[in-house]
Amino acid sequence: MVGIPNDLLASLAGSMKAAEKWVSKNVSAHVTNNNVNIRYVAVGNEPFLQTYNGSFLRTTFPALQNVQSALIKAGLGNLIKVTVPLNADVYESSSGLPSGGDFRADIHDLMLTIVKFLNDAGAPFTVNIYPFISLYIDSNFPVEYAFFDGNANPVNDGGTSYYNMFDANYDTLVYALQKNGFGNLPIIVGEIGWPTDGDRNANVEYARRFNQGFMSHIASGKGTPMRPNAGINAYLFSLIDEDAKSIDPGNFERHWGIFTFDGIPKYSLNLGTTNTGALIPARSVRYLDRKWCVMKPSAKVDDPQVALSVSYACGLADCTSLGYGTSCGNLDARENISYAFQQLLPDTKSTGRCMQVSKPVDNNQDRSIHSNLQICDNDRAILWRCGADIWVWEEDGIGWFDCSVFPNDCVKLERSSS
């Protein structure tokens with residue numbers, strides 16, 4: 001599946017030539033020249049989320065039409081189908097049970113237009129289902145109902161028992177499609193998974209339990225009560241963590257990966273794709289020296305500049321592992337500060353309040369490197385290099401970080417003349 005981001009929907013909706021150009025560059029070239037097996041083009045991603053306030057309501061369907069026409073013109077219409085990955089909030093239930101499922105009232109007509117188009121084109125309905133989100137937003141949500149172990153109290157819907165949220169959510173969509181005359185439309189689960197950090201319910205054990213339970217569930221071929229003995233096509237989300245992803249929905253957003261950033265499996269997971277049933281880690285990964293800057297014992301935590309600077313650091317770096325119930329939630333104040341700056345300083349590229357630094361230099365380069373250091377509006381800031389790959393920020397002579405534990409001496413970098 002190849003995806004089109006939401007910010008391209010307007011241009012593709014307004015220009016058939018733009019759609020043809022996009023298909024030529026992002027689909028045809030790879031299918032023709034590299035024999036890439038592309039089966040679907042995802043037009044947008046959850047464009048009807050209520051938090052978008054209708055931003056993509058007028059552009060999604062025209063973009064869908066133009067991309068489909070471009071695929072047909074390229075001779076790929078029978079091979080590659082269009083779809084729109086939608087959040088599960090595009091449908092709802094008046095009764096709170098799957099049988100009450102129907103499309104959301106404010107987009108009902110638009111959804112039927114899209115569903116009819118997909119049906120006519122032989123294309124699937126794609127939905128992203130996240131039981132974790134239900135647990136995240138509702139403290140009273142029954143935890144066991146999110147998993148596939150059969151330990152939850154079942155939900156009874158007219159004599160049909162639902163033992164997990166996925167089946168209930170999936171069948172709510174099936175009922176919505178059936179109620180509007182499209183009961184046989186194929187469904188793809190575009191995203192499903194569980195994060196490992198950033199929230200008290202986001203941890204390795206829950207992620208392993210959910211993802212393995214889901215894989216075993218679909219491998220059984222049992223389907224759901226509304227579509228029994230039918231295969232479920234799904235994309236597990238996601239491959240690796242994304243440390244620059246928006247955390248507006250929550251700090252967990254950067255931790256969906258089943259692999260760490262360096263390609264190491266976070267937990268055992270049998271996808272049924274290897275003889276051993278195990279995930280295969282990345283090989284020959286090269287690492288920087290493991291070094292750490294820590295806050296000096298003599299520095300004061302209650303210094304008024306500390307809180308401001310930590311906020312600045314976490315605004316640029318990834319501090320989502322800090323907080324209640326997270327993997328580093330047990331750190332004290334000093335350790336939190338150290339963590340925040342360690343995340344920021346090894347490779348700071350932003351034009352921050354006090355500094356702009358290129359990638360760390362090696363020991364053979366000019367140690368002054370003032371072309372890579374810019375002191376901005378605060379002339380009190382000093383940057384130190386500790387070894388080859390650690391940067392330390394000192395302000396007002398406080399000297400917050402102690403690099404004396406390093407085998408290399410710290411080198412004070414010259415101020416830039418700019």
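Biologist: How many bridges join strand 10 to strand 11, and do the two run parallel or antiparallel?
Modeller: Three bridges join strand 10, residues 187–192, to strand 11, residues 233–236, and the two run parallel. Strands here are DSSP runs of E with at least two residues, and helices are runs of H or I with at least four, numbered from the N terminus. Two strands pair if DSSP finds at least two bridges between them.
Biologist: Where does all this come from?
Modeller: It's a predicted model, where local features need pLDDT of at least 70, side-chain atom pairs need 80 or more, and totals for chains, interfaces and linings use all residues. Residues are numbered from 1 along each chain, and side-chain values use heavy atoms, without hydrogens or water.
Biologist: Back to the strands, then. Which residue in strand 11 does Ile192 stand opposite?
Modeller: Ile192 faces Leu236 there.
Biologist: And which helix goes with strands 10 and 11 in the β-α-β unit?
Modeller: Helix 7, residues 204–219, and the unit is right-handed. With the strands pointing away from you, the path from the first strand over the helix to the second runs clockwise.
Biologist: New topic: how many disulfides?
Modeller: One, counting cysteine sulfur atoms within 2.5 Å. Cys314 is joined to Cys319, with 2.2 Å from S to S.
Biologist: Is the link of Cys314 and Cys319 left-handed or right-handed?
Modeller: Left-handed, with -85° about the S-S bond.
Biologist: Is Cys319 buried or exposed?
Modeller: Cys319 is buried, since its relative accessible area is 11%. Buried means under 20%, exposed over 50%, and partly exposed in between, using a 1.4 Å probe and protein chains only.
Biologist: What about Cys314?
Modeller: Cys314 has 28% relative accessibility, so Cys314 counts as partly exposed.
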